Amino acid sequence: MFNGDMSSPHERFMREALKLAETAYLKDEVPVGAVVVHQNRIIGRGYNQVEMLCDPTAHAEMLALSAACTTLQEKYLRNCTLYVTLEPCMMCSGAAVWSKLERIVFGAMDEKAGSCGTVFNLASNNKLNHQTEIIQGVLESESSQLLKRFFKSKR
């Protein structure tokens, strides 16, 4: 759980991810946003576009990771941090491991599919050739509230 200074870079970059989650919400997508940061600079952004693109892999994290690789012209994202409003699923956690991402910072836990410690712990699994540091709970309330608002509107 995040217990750091609320003026930290973690909060600043998570706020950028929340802006992207709001964009997803306005487009009637599950409101998840993500940014990838390298050397204190955002190099990749994404928000869920599963419905719009009719693509089950178009998660915010996948789009942000892909954009970051394009920016760096590298397949690996060493020394990079992924900020995402919802705990990544197995697909997104797997992509983080394959990209050799240094760290994942997320807001809300995903009780049904979270793969950074809630249901599974793929990103930090020591049986894999790379482990990613996990920091959870940064702007958790804001992230959770947006998701709750979205799903309430669907019922």
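Select helix α4, residues 90-98; helices here are DSSP runs of H or I with at least four residues, strands are E runs of at least two, and both are numbered from the N terminus. Its buried residues are C92, S93, G94, A95, A96 and V97, where buried means under 20% relative accessible area with a 1.4 Å probe, protein chains only. These residues pack against α3 and β4 (103-108), contact being heavy atoms within 4.5 Å. Just after α4, stop at K100, whose phi is positive, about 60 degrees.

This is a predicted model, in which local features need pLDDT of at least 70 and side-chain atom pairs pLDDT 80 or more, while totals for chains, interfaces and linings use all residues. Residues are numbered from 1 along each chain as its sequence is written, and side-chain values use heavy atoms, without hydrogens and water.

Next, select E61 in helix α3 (residues 60-72). E61 touches C92, along with V32, A34, L82, V84, L86, P88 and C89, leaving aside residues up to four places away in sequence.

Now show R45 in β2, opposite V35. Six bridges join β1 (residues 33-38) to β2, and the two run antiparallel; strands pair if DSSP finds at least two bridges between them. Widen the view to the open five-stranded sheet, ordered β2-β1-β3-β4-β5 with mixed pairing.

Terms used:
Buried means under 20% relative accessible area, exposed over 50%, partly exposed in between (1.4 Å probe, protein chains only).
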